[in-house]
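Dear colleague,

My findings are set out after it.

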Amino acid sequence: MRDFLQKKLKIEFTKWKLLQILIAVFLLFFSQYALQDTTFHFPNKVVFAVSVVAVVLLILFIKDLTNKKFLARNVALIIILVGGAACVIKAPQRGLDEESHLTYAIELADGNFFKYENDFNPAKVDVNVSQPDWNAVYNFDSLRNPSADNKLSNFLQPKHQSSKYSGKITGLTNLSYIPNAIGWDIGRIISNRVFVSYYLGRLFNVLAFALLAFFAVKISKRYSEVLYLFATFPTTLWIVAGYSYDYLYYGLALILFALFTNFFAKEKSIGKKESLLFIGLSSLMIFPKFPFVLIGTFICVFPSRYYKSARDRIFAGVVFLMSMILAGIYYISGSILTKIFHSVSPTNNPTIQGGGIFSLVAHPGILLRTFFFEVLGSIGVFSGTNQGNPPAPLQYTNTDSAFLHNISPFLFVLLLVLVSANIQIKIPNKIKVFIVGVFLAISFMIMYAMAGDSRVGMKSGDVILHGVQFRYFYLMFLTVPFFISDKIKMLFKSSDNNLLRTKDSSVSFLQYSLIFLNIFVLGIAIFSYWK
């Protein structure tokens, strides 16, 4: 067996690997003792088997954890195997806003690039007249449906039914759901069961994110460890393992910061190709998170010495302005189409009375409180403190683990300090100030959008703005290390050639920590979602 693994599959199978597998399986099964409201019991056989297979394959195929050369390969493996297992373990619709995202994915899978008047209304989550398959999944949505069935075996029974769309065109379908739609369509081709499409739709989201994260870490010259941390942290994996556009937002954020930091590493001067690539990628943010198209400004503020010529700097500014015009047209495309076709969008409900920018200006206390609690506090929630809604790293479980919400933030801070101490680039203070200014503008745009959202907008008596979730600020999290790097190096009296950088132990500790934290979270999840 050992010869087969080593020679045929080129897997290094050692006693150390065997010990890791035994520890991993032990963690999966006995993690139930870290839960508050459960007694000892055997987990659901299907989800437990999926978890065991995932962790065994992960440990067998993971490559040389002491060598940075394999970071990109390893990041893709962790995302695919742990994220793939999460797709199955997480109960239907227990992801963030999956009830809304699922209908858009089905719509795209049905070949519709336009939205119609009778489409799903996110303000009324208990009815979807156009998509019987969505209704079949809703019957198992125990988060929003009081009469939902919570048995995995029953979820395997519903069969596909044809969608029926009607009414006039009201807008464009969001193309960020393409991976979900591809998975859903493949499921329909190979089976008539809804659950096959449902899980394949989730899985293709994970695969898409794995591909984006792989390229980000692969091309990064000085920021790969930071990208590795944020790409494989459990909160990230459990969010992308569902129906959402977050895989695209997170993946683009990783690639953009790989490119951004590469410029400071002086690996390449900024020319027309570099500007087109960076601004083109930032323009894709119109699909997952529109305000983040402003990230394109980052390449426009580099000092002149980073550009190949003065014309290239002017070119970057012009391209960014053009991208903003196109982004603005896309943003108002729904309004344009409803006027052209004289239609009424089901999602264009009246905003909360008094909501929007005027309400924010009239109630600065709510704005400031939301900024401090939800925006500045978002990285704490991401780390797993369980101080936000939705919680992290797992969302909407049936039971909880106080131990997980203590060990996860502790390990996150430890790893954040480690990767920050290892950064070998210098970013001018003027650019840091500019970045902060852009992030403040984006944060306000997000709060403004939530204030006028008919689902969560401002209501009389509110002291904080609801709906501003930590996951919106993922791109901001990626900047924290280069803001704190110098201070950490001073604290530990470490130089640019510090021991943390020259020893392989830091890379090894980073990878082992994230692998086994993810395995522990898998163990918590298999006892938390299904009966």
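Predicted model: local features only at pLDDT ≥ 70, side-chain atom pairs only at ≥ 80, totals over all residues.

Residues are numbered from 1 along each chain as its sequence is written, and side-chain values use heavy atoms, with hydrogens and water left out.

Helix α12

Helix α12 covers residues 246–264; helices here are DSSP runs of H or I with at least four residues, strands are runs of E with at least two, and both are numbered from the N terminus. The 19 residues of α12 should span 27 Å at 1.5 Å a residue, and the distance of 27 Å between its end C-alpha atoms agrees with this. The expected span is 1.5 Å times one less than the number of residues. Because 19 of the 19 residues of α12 are buried, the helix is largely enclosed by the rest of the structure. Buried means under 20% relative accessible area, exposed means over 50%, and partly exposed lies in between (1.4 Å probe, protein chains only). After α12 comes Lys266, with a positive phi near 60°.

Salt bridges

The structure holds 10 salt bridges, each defined as a side-chain nitrogen of Lys or Arg within 4 Å of a carboxyl oxygen of Asp or Glu. One of them pairs Asp246 with Arg471, whose closest N and O atoms are 2.5 Å apart. This pair links distant parts of the chain: Asp246 belongs to helix α12, and Arg471 to the loop between α20 (429–451) and α21 (474–477), 225 residues apart. Asp246 is buried, with a relative accessible area of 1%, and Arg471 is buried, also with a value of 1%. Asp97 itself sits in the loop between α4 and α5 (98–109), and its phi is near 55°, a positive value in a residue other than glycine.

A salt bridge also connects Asp185 and Arg188, at 2.7 Å from N to O. Both residues lie in helix α8 (residues 178–190), three residues apart, about one turn of the helix. An α-helix has 3.6 residues a turn, so residues three or four places apart point the same way. Asp185 is partly exposed, with a relative accessible area of 28%, and Arg188 is partly exposed at 26%. Asp141 forms a salt bridge with Arg144, with 3.0 Å between the closest N and O atoms; Asp141 is buried, with a relative accessible area of 0%.

Surface patches

Patches are made of residues with over 30% relative accessible area and no salt bridge, like charges being joined within 9 Å and nonpolar side chains (Val, Leu, Ile, Met, Phe, Trp, Tyr) within 5 Å. Accessible areas come from the Shrake-Rupley method with a 1.4 Å probe, and for residues only the protein chains shown count as cover.

A nonpolar surface patch consists of Phe113, Phe114, Leu172, Leu175, Ile178, Ile182, Ile186, Ile189 and Ile190, which together have about 790 Å² of accessible area. Helix α8 supplies the largest share of this patch, five residues. Ile189 is found in α8 and counts as exposed at 71% relative accessibility.

A positive surface patch is made up of Lys63, Lys69, Arg73, Lys218 and Lys221. Lys and Arg count as positive and Asp and Glu as negative, while His and the chain ends are not counted. The place of a charge is taken as NZ of Lys, CZ of Arg, CG of Asp or CD of Glu. Lys69 occupies the loop between α3 (45–61) and α4 (71–89) and is exposed, with a relative accessible area of 63%.

Further residues

His342 has a positive phi of about 55° although it is not a glycine. His342 lies in the loop between α15 (333–341) and α16 (357–362) and counts as exposed at 64% relative accessibility.

Thr170, in strand β2 (residues 169–172), counts as buried at 5% relative accessibility. Thr170 and Ser343 are 173 residues apart in sequence, with 6.0 Å between their C-alpha atoms.

With kind regards
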